[in-house]
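Open the model in your viewer and keep the selection tool ready. We will go from stop to stop.

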Amino acid sequence: MTEKATTQNPTKAEPAVLVLEDGKMFRGRSYGAVGTAFGEAVFATGMTGYQETITDPSYARQIVVQTAPHIGNTGVNSEDAESRRIWVAGYVVRDPARRPSNWRSERSLDDELVEEGIVGIQGVDTRAITRHLREHKTMRAAIFSGEAARRSDKELLDDVLASAPMEGARLAEEVSVDTAYTVEPSEHGWEGEPRFTIAAIDLGIKAMTPHRFAERGVRVHVLPATATADDVKAVNPDGFFMSNGPGDPATADTQVRLLRSVLDSKLPYFGICFGNQILGRALGFGTYKLRYGHRGINQPVMDRRTGKVEITSQNHGFAVDAPIEGATVAPEERYGRVEVSHISLNDQVVEGLACLDIPAFSVQYHPEAAAGPHDAAYLFDRFIDVMEANETKKTEEAK
(Lines give C-alpha, C1' and ligand atoms only; values in the text may rest on other atoms or scores of the structure.)
Protein backbone atom coordinates (compact mmCIF):
# COMPACT_ATOMS: atom_id res chain seq x y z
CA MET A 1 0.00 0.00 0.00
CA THR A 2 1.34 3.43 -0.94
CA GLU A 3 0.20 6.58 0.85
CA LYS A 4 0.70 10.32 0.32
CA ALA A 5 2.74 9.89 -2.84
CA THR A 6 3.48 12.99 -4.91
CA THR A 7 2.80 12.98 -8.64
CA GLN A 8 5.74 15.18 -9.52
CA ASN A 9 9.37 14.14 -9.64
CA PRO A 10 11.15 16.23 -6.96
CA THR A 11 13.85 18.50 -8.36
CA LYS A 12 16.16 17.30 -5.61
CA ALA A 13 16.10 13.92 -3.90
CA GLU A 14 14.52 14.09 -0.45
CA PRO A 15 15.78 12.24 2.63
CA ALA A 16 14.36 8.73 2.87
CA VAL A 17 14.56 5.77 5.24
CA LEU A 18 13.68 2.09 4.98
CA VAL A 19 12.39 0.79 8.33
CA LEU A 20 12.09 -2.92 9.06
CA GLU A 21 9.81 -4.32 11.74
CA ASP A 22 12.75 -5.49 13.86
CA GLY A 23 13.86 -1.86 14.19
CA LYS A 24 16.66 -1.96 11.62
CA MET A 25 16.83 1.25 9.57
CA PHE A 26 18.61 2.12 6.33
CA ARG A 27 18.85 5.80 5.40
CA GLY A 28 19.19 7.11 1.87
CA ARG A 29 17.45 9.44 -0.56
CA SER A 30 14.10 9.32 -2.29
CA TYR A 31 13.71 7.51 -5.60
CA GLY A 32 10.55 7.74 -7.62
CA ALA A 33 7.58 9.29 -5.82
CA VAL A 34 7.94 10.93 -2.40
CA GLY A 35 5.73 9.75 0.45
CA THR A 36 5.15 6.58 2.47
CA ALA A 37 4.86 2.96 1.34
CA PHE A 38 4.09 -0.10 3.48
CA GLY A 39 4.68 -3.72 2.54
CA GLU A 40 6.66 -6.89 3.12
CA ALA A 41 10.39 -6.39 2.53
CA VAL A 42 11.77 -9.01 0.12
CA PHE A 43 14.88 -9.21 -2.04
CA ALA A 44 15.16 -10.09 -5.73
CA THR A 45 18.49 -11.39 -7.02
CA GLY A 46 18.12 -10.79 -10.76
CA MET A 47 20.71 -8.55 -12.40
CA THR A 48 18.33 -7.82 -15.31
CA GLY A 49 14.59 -7.70 -15.84
CA TYR A 50 13.68 -5.01 -13.33
CA GLN A 51 10.75 -3.79 -15.44
CA GLU A 52 9.27 -7.29 -15.55
CA THR A 53 9.83 -7.57 -11.81
CA ILE A 54 8.02 -4.41 -10.78
CA THR A 55 5.06 -5.14 -13.11
CA ASP A 56 4.67 -8.74 -11.89
CA PRO A 57 1.41 -8.84 -9.89
CA SER A 58 2.94 -11.46 -7.57
CA TYR A 59 4.88 -8.58 -5.97
CA ALA A 60 1.72 -6.79 -4.82
CA ARG A 61 2.08 -5.40 -1.28
CA GLN A 62 5.83 -6.08 -1.26
CA ILE A 63 8.76 -3.70 -0.98
CA VAL A 64 11.31 -5.11 -3.40
CA VAL A 65 15.02 -4.78 -2.63
CA GLN A 66 17.12 -5.17 -5.79
CA THR A 67 20.29 -6.99 -4.77
CA ALA A 68 22.13 -5.97 -7.96
CA PRO A 69 23.63 -2.53 -7.35
CA HIS A 70 22.93 -0.84 -10.71
CA ILE A 71 19.25 -0.48 -11.64
CA GLY A 72 17.60 1.54 -14.40
CA ASN A 73 20.39 1.39 -16.97
CA THR A 74 18.12 0.32 -19.83
CA GLY A 75 15.13 2.49 -18.91
CA VAL A 76 11.60 1.20 -19.44
CA ASN A 77 9.40 0.70 -22.48
CA SER A 78 5.80 -0.11 -23.35
CA GLU A 79 6.54 -3.67 -24.51
CA ASP A 80 8.20 -5.37 -21.54
CA ALA A 81 5.62 -4.75 -18.83
CA GLU A 82 4.10 -7.98 -17.52
CA SER A 83 0.76 -6.41 -16.57
CA ARG A 84 -1.23 -3.20 -16.76
CA ARG A 85 0.68 -1.37 -14.00
CA ILE A 86 3.50 -1.47 -11.46
CA TRP A 87 2.52 -3.65 -8.50
CA VAL A 88 5.43 -3.36 -6.06
CA ALA A 89 4.45 -1.44 -2.94
CA GLY A 90 7.89 0.18 -2.72
CA TYR A 91 11.27 -0.05 -4.43
CA VAL A 92 14.78 -0.16 -2.96
CA VAL A 93 17.91 0.34 -5.08
CA ARG A 94 21.54 1.14 -4.37
CA ASP A 95 22.78 3.03 -7.43
CA PRO A 96 20.11 4.05 -9.95
CA ALA A 97 21.17 5.08 -13.44
CA ARG A 98 21.49 8.82 -13.91
CA ARG A 99 20.11 8.37 -17.42
CA PRO A 100 18.95 5.28 -19.36
CA SER A 101 20.99 4.08 -22.31
CA ASN A 102 19.32 1.51 -24.57
CA TRP A 103 17.81 1.70 -28.04
CA ARG A 104 14.49 0.33 -26.73
CA SER A 105 14.23 2.78 -23.83
CA GLU A 106 11.25 5.15 -23.94
CA ARG A 107 11.60 6.79 -20.52
CA SER A 108 13.54 6.48 -17.29
CA LEU A 109 12.65 4.10 -14.48
CA ASP A 110 12.59 7.03 -12.06
CA ASP A 111 9.98 8.83 -14.20
CA GLU A 112 7.91 5.66 -14.43
CA LEU A 113 7.90 5.25 -10.64
CA VAL A 114 6.87 8.88 -10.21
CA GLU A 115 4.13 8.55 -12.82
CA GLU A 116 2.59 5.58 -11.00
CA GLY A 117 3.14 6.95 -7.49
CA ILE A 118 5.59 4.27 -6.38
CA VAL A 119 7.68 5.36 -3.39
CA GLY A 120 11.31 4.24 -3.48
CA ILE A 121 14.66 4.77 -1.83
CA GLN A 122 18.16 4.94 -3.32
CA GLY A 123 21.70 5.14 -1.95
CA VAL A 124 21.34 2.27 0.53
CA ASP A 125 23.43 -0.91 0.69
CA THR A 126 20.98 -3.36 -0.85
CA ARG A 127 23.30 -6.32 -0.32
CA ALA A 128 23.50 -5.55 3.40
CA ILE A 129 19.70 -5.40 3.46
CA THR A 130 19.60 -8.74 1.62
CA ARG A 131 21.95 -10.34 4.15
CA HIS A 132 19.83 -8.98 7.00
CA LEU A 133 16.64 -10.44 5.52
CA ARG A 134 18.35 -13.79 4.88
CA GLU A 135 19.51 -13.96 8.47
CA HIS A 136 16.31 -12.74 10.09
CA LYS A 137 13.49 -13.51 7.53
CA THR A 138 11.26 -11.34 5.39
CA MET A 139 9.35 -8.86 7.48
CA ARG A 140 6.99 -5.93 7.44
CA ALA A 141 8.59 -2.69 6.39
CA ALA A 142 7.98 0.82 5.13
CA ILE A 143 9.76 3.46 3.08
CA PHE A 144 9.36 7.00 4.39
CA SER A 145 10.61 9.94 2.33
CA GLY A 146 10.30 13.70 2.42
CA GLU A 147 8.52 15.06 5.49
CA ALA A 148 7.50 11.57 6.57
CA ALA A 149 11.18 10.62 6.99
CA ARG A 150 11.82 13.50 9.38
CA ARG A 151 9.73 12.02 12.19
CA SER A 152 11.26 10.22 15.15
CA ASP A 153 12.53 6.66 14.81
CA LYS A 154 9.93 5.48 17.31
CA GLU A 155 7.07 7.01 15.31
CA LEU A 156 8.31 5.38 12.12
CA LEU A 157 8.70 1.95 13.71
CA ASP A 158 5.30 2.19 15.37
CA ASP A 159 3.74 2.76 11.93
CA VAL A 160 5.48 -0.32 10.55
CA LEU A 161 4.36 -2.48 13.48
CA ALA A 162 0.79 -1.33 12.92
CA SER A 163 0.80 -2.43 9.26
CA ALA A 164 -0.72 -5.69 7.98
CA PRO A 165 1.43 -8.85 7.63
CA MET A 166 1.51 -11.01 4.49
CA GLU A 167 0.19 -14.03 6.38
CA GLY A 168 -3.56 -14.11 5.88
CA ALA A 169 -3.48 -11.61 3.00
CA ARG A 170 -5.98 -12.33 0.22
CA LEU A 171 -4.65 -10.42 -2.78
CA ALA A 172 -5.42 -12.41 -5.94
CA GLU A 173 -8.81 -10.78 -6.36
CA GLU A 174 -7.17 -7.35 -6.04
CA VAL A 175 -4.70 -7.87 -8.89
CA SER A 176 -6.90 -9.96 -11.20
CA VAL A 177 -8.78 -8.59 -14.19
CA ASP A 178 -12.48 -7.85 -13.75
CA THR A 179 -13.50 -8.96 -17.23
CA ALA A 180 -12.55 -12.07 -19.18
CA TYR A 181 -10.54 -11.74 -22.38
CA THR A 182 -9.12 -14.08 -25.02
CA VAL A 183 -5.61 -14.42 -26.41
CA GLU A 184 -5.63 -15.98 -29.87
CA PRO A 185 -2.74 -18.02 -31.31
CA SER A 186 -2.85 -15.90 -34.47
CA GLU A 187 -1.82 -12.89 -32.38
CA HIS A 188 1.51 -14.56 -31.61
CA GLY A 189 2.62 -15.99 -34.93
CA TRP A 190 0.65 -19.24 -35.03
CA GLU A 191 -0.74 -20.12 -38.45
CA GLY A 192 -3.87 -22.21 -38.82
CA GLU A 193 -6.62 -23.23 -36.44
CA PRO A 194 -5.97 -23.40 -32.67
CA ARG A 195 -4.79 -26.80 -31.46
CA PHE A 196 -6.48 -26.52 -28.07
CA THR A 197 -8.47 -24.12 -25.91
CA ILE A 198 -7.76 -23.55 -22.24
CA ALA A 199 -9.42 -21.62 -19.43
CA ALA A 200 -6.80 -19.68 -17.44
CA ILE A 201 -7.64 -18.18 -14.06
CA ASP A 202 -5.92 -14.83 -13.55
CA LEU A 203 -4.63 -14.77 -9.98
CA GLY A 204 -1.94 -12.28 -11.00
CA ILE A 205 -1.07 -13.66 -14.42
CA LYS A 206 1.95 -12.32 -16.30
CA ALA A 207 1.41 -11.27 -19.92
CA MET A 208 4.06 -13.69 -21.14
CA THR A 209 2.12 -16.73 -19.93
CA PRO A 210 -0.77 -16.63 -22.43
CA HIS A 211 1.84 -15.58 -24.99
CA ARG A 212 3.74 -18.84 -24.41
CA PHE A 213 0.55 -20.84 -24.85
CA ALA A 214 -0.60 -18.89 -27.92
CA GLU A 215 2.68 -19.26 -29.79
CA ARG A 216 2.17 -23.02 -29.45
CA GLY A 217 -1.29 -22.85 -31.00
CA VAL A 218 -3.38 -22.72 -27.82
CA ARG A 219 -6.31 -20.33 -27.49
CA VAL A 220 -6.38 -18.86 -23.97
CA HIS A 221 -9.55 -17.60 -22.29
CA VAL A 222 -8.29 -15.56 -19.32
CA LEU A 223 -10.91 -15.50 -16.56
CA PRO A 224 -11.06 -13.39 -13.37
CA ALA A 225 -9.98 -14.82 -10.02
CA THR A 226 -13.67 -14.96 -9.05
CA ALA A 227 -14.60 -17.25 -11.97
CA THR A 228 -16.94 -20.15 -11.23
CA ALA A 229 -17.13 -23.70 -12.56
CA ASP A 230 -19.91 -22.54 -14.88
CA ASP A 231 -17.65 -19.80 -16.24
CA VAL A 232 -15.00 -22.42 -16.99
CA LYS A 233 -17.47 -24.77 -18.68
CA ALA A 234 -18.80 -21.90 -20.81
CA VAL A 235 -15.57 -21.66 -22.82
CA ASN A 236 -15.55 -25.45 -23.44
CA PRO A 237 -11.87 -25.86 -22.59
CA ASP A 238 -9.54 -28.74 -23.33
CA GLY A 239 -7.46 -27.80 -20.30
CA PHE A 240 -7.48 -25.65 -17.18
CA PHE A 241 -4.70 -23.37 -15.90
CA MET A 242 -4.14 -21.35 -12.73
CA SER A 243 -1.52 -18.61 -12.73
CA ASN A 244 0.99 -17.07 -10.37
CA GLY A 245 -0.25 -14.47 -7.92
CA PRO A 246 0.32 -12.72 -4.59
CA GLY A 247 -0.84 -13.38 -1.07
CA ASP A 248 -1.28 -16.30 1.28
CA PRO A 249 -2.52 -19.52 -0.40
CA ALA A 250 -4.32 -20.39 2.84
CA THR A 251 -6.87 -17.70 1.90
CA ALA A 252 -7.64 -19.18 -1.54
CA ASP A 253 -10.59 -21.34 -0.51
CA THR A 254 -12.68 -20.19 -3.50
CA GLN A 255 -10.00 -21.20 -5.97
CA VAL A 256 -9.37 -24.52 -4.18
CA ARG A 257 -13.05 -25.42 -4.51
CA LEU A 258 -12.98 -24.48 -8.20
CA LEU A 259 -9.90 -26.60 -8.85
CA ARG A 260 -11.40 -29.60 -7.07
CA SER A 261 -14.42 -29.40 -9.37
CA VAL A 262 -12.02 -29.40 -12.34
CA LEU A 263 -9.99 -32.32 -11.00
CA ASP A 264 -13.21 -34.26 -10.36
CA SER A 265 -14.14 -33.77 -14.03
CA LYS A 266 -10.73 -35.16 -15.16
CA LEU A 267 -10.04 -31.99 -17.18
CA PRO A 268 -6.23 -31.62 -17.58
CA TYR A 269 -4.70 -29.09 -15.21
CA PHE A 270 -1.46 -27.08 -15.16
CA GLY A 271 -0.58 -24.57 -12.44
CA ILE A 272 2.27 -22.10 -11.98
CA CYS A 273 3.44 -20.69 -8.63
CA PHE A 274 0.18 -19.77 -6.81
CA GLY A 275 -1.43 -22.38 -9.05
CA ASN A 276 1.00 -24.95 -7.62
CA GLN A 277 0.07 -24.03 -4.07
CA ILE A 278 -3.63 -24.27 -4.91
CA LEU A 279 -3.12 -27.74 -6.40
CA GLY A 280 -1.32 -28.73 -3.21
CA ARG A 281 -4.25 -27.54 -1.13
CA ALA A 282 -6.80 -29.18 -3.46
CA LEU A 283 -4.98 -32.49 -2.99
CA GLY A 284 -5.19 -32.02 0.77
CA PHE A 285 -1.67 -30.82 1.58
CA GLY A 286 -0.92 -27.75 3.65
CA THR A 287 1.12 -24.66 2.81
CA TYR A 288 3.56 -22.65 4.88
CA LYS A 289 5.49 -19.40 4.75
CA LEU A 290 9.15 -19.56 3.79
CA ARG A 291 11.73 -17.75 5.87
CA TYR A 292 12.76 -15.39 3.07
CA GLY A 293 11.29 -16.93 -0.09
CA HIS A 294 12.70 -17.48 -3.56
CA ARG A 295 12.87 -14.41 -5.78
CA GLY A 296 15.10 -13.89 -8.78
CA ILE A 297 16.05 -15.42 -12.12
CA ASN A 298 18.81 -17.76 -10.97
CA GLN A 299 17.09 -20.37 -8.79
CA PRO A 300 18.30 -24.00 -9.36
CA VAL A 301 15.60 -26.68 -9.55
CA MET A 302 15.88 -30.41 -10.29
CA ASP A 303 13.32 -32.25 -12.38
CA ARG A 304 13.33 -35.50 -10.42
CA ARG A 305 11.98 -37.53 -13.33
CA THR A 306 14.90 -36.71 -15.61
CA GLY A 307 17.60 -35.58 -13.18
CA LYS A 308 17.96 -32.41 -15.25
CA VAL A 309 18.81 -29.20 -13.39
CA GLU A 310 16.99 -26.06 -14.52
CA ILE A 311 17.92 -22.49 -13.71
CA THR A 312 14.56 -20.87 -13.08
CA SER A 313 12.79 -17.58 -12.48
CA GLN A 314 10.92 -17.52 -9.17
CA ASN A 315 8.87 -15.23 -6.97
CA HIS A 316 7.15 -16.84 -4.01
CA GLY A 317 7.10 -16.62 -0.25
CA PHE A 318 4.91 -19.67 0.47
CA ALA A 319 5.38 -23.35 -0.37
CA VAL A 320 3.49 -26.66 -0.38
CA ASP A 321 4.08 -29.00 2.56
CA ALA A 322 4.25 -32.40 0.87
CA PRO A 323 6.54 -35.44 1.33
CA ILE A 324 9.41 -35.18 -1.14
CA GLU A 325 10.39 -38.86 -1.29
CA GLY A 326 8.43 -41.16 -3.60
CA ALA A 327 4.78 -41.28 -4.59
CA THR A 328 2.10 -41.04 -1.95
CA VAL A 329 -1.69 -41.18 -1.93
CA ALA A 330 -3.03 -37.64 -1.69
CA PRO A 331 -4.78 -36.76 1.58
CA GLU A 332 -7.84 -36.20 -0.64
CA GLU A 333 -7.79 -39.88 -1.61
CA ARG A 334 -10.13 -39.58 -4.59
CA TYR A 335 -7.28 -37.96 -6.54
CA GLY A 336 -5.03 -40.98 -6.17
CA ARG A 337 -1.26 -40.88 -6.09
CA VAL A 338 0.89 -37.77 -6.28
CA GLU A 339 4.62 -37.16 -6.26
CA VAL A 340 6.89 -34.17 -5.82
CA SER A 341 8.24 -33.78 -9.35
CA HIS A 342 10.67 -30.89 -8.79
CA ILE A 343 12.68 -29.68 -5.80
CA SER A 344 14.80 -26.65 -5.04
CA LEU A 345 18.49 -27.45 -4.90
CA ASN A 346 19.07 -24.59 -2.47
CA ASP A 347 16.76 -25.73 0.32
CA GLN A 348 14.80 -28.82 -0.84
CA VAL A 349 11.52 -26.87 -1.04
CA VAL A 350 8.75 -28.46 -3.14
CA GLU A 351 8.97 -26.94 -6.63
CA GLY A 352 6.46 -29.11 -8.47
CA LEU A 353 3.67 -31.67 -8.08
CA ALA A 354 2.60 -34.41 -10.48
CA CYS A 355 -0.59 -36.43 -10.11
CA LEU A 356 -0.18 -40.01 -11.28
CA ASP A 357 -3.83 -41.03 -11.60
CA ILE A 358 -5.41 -37.84 -12.94
CA PRO A 359 -4.11 -35.41 -15.62
CA ALA A 360 -2.75 -32.67 -13.37
CA PHE A 361 0.65 -31.17 -12.60
CA SER A 362 2.15 -27.88 -11.46
CA VAL A 363 5.40 -26.06 -10.73
CA GLN A 364 6.32 -23.44 -8.17
CA TYR A 365 8.45 -21.37 -10.54
CA HIS A 366 7.92 -19.37 -13.75
CA PRO A 367 8.47 -21.30 -17.01
CA GLU A 368 7.31 -18.26 -19.03
CA ALA A 369 10.50 -16.62 -17.64
CA ALA A 370 10.18 -12.97 -18.52
CA ALA A 371 12.72 -11.90 -17.58
CA GLY A 372 14.85 -14.92 -16.98
CA PRO A 373 16.17 -18.22 -18.35
CA HIS A 374 14.03 -20.41 -20.60
CA ASP A 375 15.18 -23.78 -19.23
CA ALA A 376 11.64 -24.65 -18.15
CA ALA A 377 9.73 -23.62 -21.30
CA TYR A 378 9.22 -27.33 -22.07
CA LEU A 379 6.46 -27.38 -19.44
CA PHE A 380 4.07 -25.66 -21.85
CA ASP A 381 4.74 -28.47 -24.34
CA ARG A 382 4.23 -31.02 -21.56
CA PHE A 383 0.78 -29.60 -20.88
CA ILE A 384 -0.06 -29.84 -24.60
CA ASP A 385 1.02 -33.49 -24.48
CA VAL A 386 -1.29 -34.06 -21.49
CA MET A 387 -4.22 -32.49 -23.36
CA GLU A 388 -3.47 -34.58 -26.46
CA ALA A 389 -3.37 -37.76 -24.38
CA ASN A 390 -6.65 -36.83 -22.72
CA GLU A 391 -8.31 -36.25 -26.10
CA THR A 392 -7.06 -39.62 -27.35
CA LYS A 393 -8.40 -41.32 -24.22
CA LYS A 394 -11.82 -39.68 -24.65
CA THR A 395 -11.97 -40.75 -28.29
CA GLU A 396 -11.11 -44.35 -27.44
CA GLU A 397 -13.69 -44.43 -24.63
CA ALA A 398 -16.36 -43.12 -27.02
CA LYS A 399 -15.85 -46.00 -29.49
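Which residue just after α9 takes a positive phi? Select glycine 284: its phi is about 105 degrees. Keep in mind that this model is predicted.

**Stop 1: helix α9**

Now select residues 274-282, which form helix α9. Is this helix enclosed or exposed? Nine of its nine residues are buried, so α9 is largely enclosed by the rest of the structure. Click along the helix and you pass Phe274, Gly275, Asn276, Gln277 and Ile278. Leu279, Gly280, Arg281 and Ala282 are also on the buried list.

**Stop 2: the way into α9**

Step back to cysteine 273, in the loop between β15 and α9. Its phi is positive, about 60 degrees, although cysteine 273 is not a glycine. Buried means under 20% relative accessible area. Cysteine 273 has 2%, so it counts as buried.

Next, find lysine 266 in the loop between α8 and β15 (269-272). Lysine 266 has a positive phi too, near 65 degrees, and it is a residue other than glycine. At 43% relative accessibility, lysine 266 is partly exposed.

**Stop 3: the annotated positions**

Zoom in on glycine 247. It sits in the loop between β14 (239-242) and α8 (253-264). Glycine 247 is buried, with a relative accessible area of 11%. Show its contacts, leaving aside neighbours within four places in sequence: Met166, Ala169, Leu171, Phe274 and Phe318.

Now move to asparagine 315 in strand β17 (residues 309-321). It is buried, at 4% relative accessibility. Cys273 is the loop residue from Stop 2. Look at aspartate 56 as well: a polar contact of 3.4 Å joins its side chain to that of asparagine 315.

**Stop 4: the nonpolar cores**

Which members of the largest nonpolar core touch the most other members? Select Phe240, Met242, Leu259, Leu263 and Leu283; the core has 37 residues. β12 (196-201), β14, α8, α9, β19 (337-344) and β20 (350-355) each supply at least two residues. α8 gives the most, with five.

Click methionine 242 and show its contacts, not counting residues up to four places away in sequence. Among them are Ile201, Leu203, Leu258, Leu259 and Tyr269. Gly275 and Ile278 are also touched by methionine 242, and both belong to the buried helix α9.

Another core, of 25 residues, lies apart from the largest one. Select some of its members, including Ala214, Val218, Ala354 and Val363.

**Last stop: arginine 140**

Find arginine 140 in strand β10 (residues 139-145). Is it buried or exposed? At 18% relative accessibility, arginine 140 counts as buried. A polar atom of its side chain lies 2.8 Å from the backbone oxygen of leucine 161. Beyond four places in sequence, arginine 140 is in contact with residues including Val19, Leu20, Glu21, Gly39, Glu40 and Val160.

Methods: Residues are numbered from 1 along each chain as its sequence is written. This is a predicted model: local features need pLDDT of at least 70, side-chain atom pairs count only at pLDDT 80 or more; totals for chains, interfaces and linings use all residues. Side-chain values use heavy atoms; hydrogens and water are left out. Buried means under 20% relative accessible area, exposed over 50%, partly exposed in between (1.4 Å probe, protein chains only). Helices (H or I, at least four residues) and strands (E, at least two) are DSSP runs, numbered from the N terminus. Contact means heavy atoms within 4.5 Å. A polar contact is a pair of N or O atoms within 3.5 Å; within protein, one must be able to donate a hydrogen and the other to accept it, and residues adjacent in sequence count only if both atoms are side-chain atoms. A nonpolar core is a set of buried Ala, Val, Leu, Ile, Met, Phe, Trp, Tyr and Cys residues joined through side-chain atoms within 4.5 Å.
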